[in-house]
Amino acid sequence: MADDMTAPLLTEDYSDDQTLSRPTVAVLGSGDFSRSLAVRLVSSGVRVVVGSRCVNRIPPGLFPDAVALRNQEGAAAQAACVVFLALFPEHYGSLLGLRSVLAGKVLVDVSNAEMLNIYGPSNAERLAELFPESLVVKGFNTVSTWELQTGAHDGSKQVLICSNSTDGKRKVLQLARQMGFHPLDMGGLPAAREIEVTSLRLFPSWSGPVVLTFLLFLFFYTYGFLRGILLPSILQGSRDLFYRLALELVNESLPAVALVILALVYLAGLFAAFVQLWRGTKYQRFPSWLDNWLQRRKQLGLLSFLCAALHGVYSVCQPLRRVTQHRLTNAAYRQVKAGTEEPWDELAVWRSELYLSCGVLGLGVLSLLAITSVPSVGNTLNWREFTFVQSGLGYVALTLSIMHTLFFGWDFAFHIEAYPFYMPPIFLLAAVLPCIVLLSRCFLLLPCISSRLSRIRRGWESKRNCPVFQHHHLQVNGVP
C-alpha cells in the first residue's frame, strides 16, 4: 500500500517553484476519511492542508509529511479555493465562525445520510443554508477510505457530484479527474438527497430477484414436502420420510427454481418484443413493471446459475448418502435373490446418459453466461459478441436445461403413478414456463414476424403512429 501511494498519479515532475505555485486544497477534519483523502490528494500532485480542532492531539506520522497541519481557521484561510468538509453534519455549526474565511470558496460536503429519507433537505442543502456566501458541492460521499488509498488502480470508480454552482462544480470535477476518478455530474444540489442515501442502500438491484428466487424455492420445496413426505406419511402410513428434507428435497427444488428463473430472464425480452409489435413502434416507453423486469435480467441470470451450480454439487454428493448405499445394497440383494446375473435396461441407460449429458452442457453454457456478466469481462466484448453470448447462447442453455428435465422425466409423466394425490411431479411444473418461452421465441423467428420486428427496431413505425413519415417514406423509396 505504501508503495502504491508514494507514486503520484500524475507523471509531471514539479520543481520547488511549481510546487509552491500549485493551489492548496484544505481538508477540515482529522479522522480516517480525512487522512485517506489527504493521502490521495498528495499522491495526485495536490498541495494539502488539514485543519483540526486540536492539532496537538494528531499523533506524529498519521498524515504524510507533505501535508500541513493547522487549526481549522488557519487551514480554511490557507486554502486557495476548494475546502473538503470531512466532518459529521452535526458539527457543521461549529464552523459558523469561519463564514468570512470560507466566503467565495468551494465547500465539498462528503457526508452521507443517516437514514433512507429522500424527501427532507439533504446535508448539503443544510450546509448551503449555513454558508450562503460559499459554493457548496456534494461529492465523494460514495467513495470509501479504502478506495481512496488504492492508488491508480480504481480509475473506473465513479464519483457522483452535484451543485447549484457551475463554477464550483467544474473545479471539483477537474479535481476528481486529477485524483484518478471518473466524476459524474448529477445536476443541481437537490440531487444530493438521492446521492446521500446511495451508500445506505443494500444491493438495491438485487432485492427483487433475491425475493423472487426465495419465493420460488419456498413454493417448490413446500409442494414437494406435501406431495412426497407429509401426505404419504399421513394418508398412506408410509415409513418415516422426513430424512428427505435435508438433501433430497432441496436437490429437487433447486433445478426447478433455476429453470424457471432462466425462463423469466428471456420472457422479459419476449414481452418487450410483443409490446413493440402491438404498438408498431419502438419510441414508446415500456410499462414500468416491464422496464424494471428488463433491468433485472442480469441478476436473475446469476441467481439461476447459482441454483444450477448448487444442484450440481448436491447431485455429486448423492452417492455419499447413507440412504443411497442402502438402496444399492437392497437392489443387489433383490438381483441375487431373483437369480439375475447381468441386468440391462436399455431405456434406463439411454435416459441417464442423455439427461446427464444435457445437464452438464447446460451448466457449462450457463457458466459462460455468468462469466460474461462480470463487467471486467463484458466490457471487452463488442455489442455483437455480447448479444451472441447473452441471447444466442442463453437460449442454447435454456434448451439444454429443458432437455435435461425432459430426459430426466422420460415417460414418467404419462404414468398414473406420477400423480399421487392428483399432484404432478415438480419437474413437470418447472418445465411448463420454459417450454412456453421457447415456443414464443420460435414464433418470433418466423420470417413474417422477425422482419416486421427488425424494421420496428430500426426506426420504422406503423401508419397509426406516424402517418406523415410513412407517406414520405413511400414517396421517396417507392416501396409499398
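User: Hi! What kind of model is this, and how are residues numbered?

Analyst: Welcome! This is a predicted model, where local features need pLDDT of at least 70, side-chain atom pairs count only at pLDDT 80 or more, and totals for chains, interfaces and linings use all residues. Residues are numbered from 1 along each chain as its sequence is written, and side-chain values use heavy atoms, with hydrogens and water left out.

User: Let's start with strand S1. How many of its residues are buried?

Analyst: Five of the five residues of S1 (residues 24–28) are buried, so the strand is largely enclosed by the rest of the structure. Buried means under 20% relative accessible area, exposed over 50%, and partly exposed in between (1.4 Å probe, protein chains only). Strands (E, at least two residues) and helices (H or I, at least four) are DSSP runs, numbered from the N terminus.

User: Which residues sit on each side of S1?

Analyst: Thr 24, Ala 26 and Leu 28 lie on one side, with Val 25 and Val 27 on the other. In a regular strand the side chains alternate between the two faces of the sheet.

User: And which strands does S1 pair with?

Analyst: S1 runs parallel to strand S2 (residues 47–52), joined by five bridges, and Val 27 has Val 50 as its bridge partner there. S1 also pairs with strand S4 (residues 82–85) in the parallel sense over three bridges, where Ala 26 is partnered by Val 83. Pairing here requires that DSSP finds at least two bridges between the two strands.

User: Switching topic: what does helix H13 pack against?

Analyst: The buried residues of H13 (residues 297–316) pack against helices H10 (207–235), H11 (248–279), H12 (288–295), H15 (346–372) and H17. Those buried residues include Leu 303, Cys 307 and His 311.

User: How buried is Cys 307?

Analyst: Cys 307 counts as buried because its relative accessibility is 7%. Cys 54, at 33%, counts as partly exposed.

User: How many disulfides are there?

Analyst: The count is zero, taking a disulfide as a pair of cysteine sulfur atoms within 2.5 Å.

User: Last one: where is His 404, and what does it touch?

Analyst: His 404 is in helix H17 (residues 383–409), and at 17% relative accessibility it counts as buried. Leaving aside neighbours within four places in sequence, His 404 is in contact (heavy atoms within 4.5 Å) with His 311, Tyr 355, Leu 356, Cys 358 and Gly 359. The side chain of His 404 reaches the backbone oxygen of Tyr 355 at 2.5 Å.

Key. Polar contact = N/O pair within 3.5 Å; in protein donor to acceptor, adjacent residues only side chain to side chain. Expected span 1.5 Å × (residues − 1).
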